[in-house]
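Subject: Structure handover and findings

Hello,

Here is the structure for your files. Please look it over before reading on.

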Amino acid sequence: MNNTLKVERAKLDLTQQQLADKVGVSRQTINSIEAERYIPSTALAIKISDVFKTSVNEIFTLEEDD
């Protein structure tokens with residue numbers, strides 16, 4: 001799963017820790033999502049998209065083999 005999380009964070013000038021606090025996860029989880037080592041749950045993806053006031057599909061996109 002690809003994502004634009006780092007770009008979206010930069011637009012709002014949020015650190016990984018600040019985003020993590022807003023959605024209730026660790027900074028390491030945000031780092032892993034950005035590095036595409038971890039695919040967030042649907043609930044977490046929705047929480048993240050709510051922070052950025054956009055749709056989940058604007059931040060996360062599936063690859064062919066997902």
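Conventions first. This is a predicted model: local features need pLDDT of at least 70, side-chain atom pairs count only at pLDDT 80 or more, and totals for chains, interfaces and linings use all residues. Residues are numbered from 1 along each chain as its sequence is written, and side-chain values use heavy atoms, without hydrogens or water.

**Fold**

The chain has five helices and two strands. Helices are DSSP runs of H or I with at least four residues, strands are E runs of at least two, and both are numbered from the N terminus. The order from the N terminus is β-α-α-α-α-α-β. The radius of gyration is 11 Å, close to the 11 Å of the globule rule for 66 residues, so the chain is as compact as a globular protein of that length. That radius is taken over C-alpha atoms, and the rule is 2.2 Å times the number of residues to the power 0.38. The C-alpha trace spans about 30 × 20 × 20 Å along its principal axes. Of the 66 residues, 33% are buried. Buried means under 20% relative accessible area, exposed over 50%, and partly exposed in between (1.4 Å probe, protein chains only).

**Negative patch**

Glu-36, Glu-63, Glu-64 and Asp-65 form a patch of negative charge on the surface. Patch residues have over 30% relative accessible area and no salt bridge, and like charges are joined within 9 Å. A salt bridge here is a side-chain nitrogen of Lys or Arg within 4 Å of a carboxyl oxygen of Asp or Glu. The place of a charge is CG for Asp and CD for Glu.

Glu-63 sits in the segment after β2 (60-61). Its relative accessibility is 32%, so Glu-63 counts as partly exposed. Glu-63 and Glu-36 are 27 residues apart along the chain, and their C-alpha atoms are separated by 12 Å.

**Positive phi**

Most residues other than glycine have a negative phi. Two residues here go the other way.

- Glu-36 is not a glycine, yet its phi is positive, near 60°. Glu-36 lies in the loop between α3 (27-34) and α4 (42-51). Its relative accessible area is 41%, so Glu-36 is partly exposed.
- Asp-13, also not a glycine, has a positive phi of about 55°. Asp-13 is in the loop between α1 (5-11) and α2 (16-23). With a relative accessible area of 66%, Asp-13 is exposed.

Best regards

Definitions and conventions. Patches are made of residues with over 30% relative accessible area and no salt bridge: like charges are joined within 9 Å, nonpolar side chains (Val, Leu, Ile, Met, Phe, Trp, Tyr) within 5 Å. Accessible areas come from the Shrake-Rupley method with a 1.4 Å probe; for residues, only the protein chains shown count as cover. Lys and Arg count as positive and Asp and Glu as negative; His and the chain ends are not counted.
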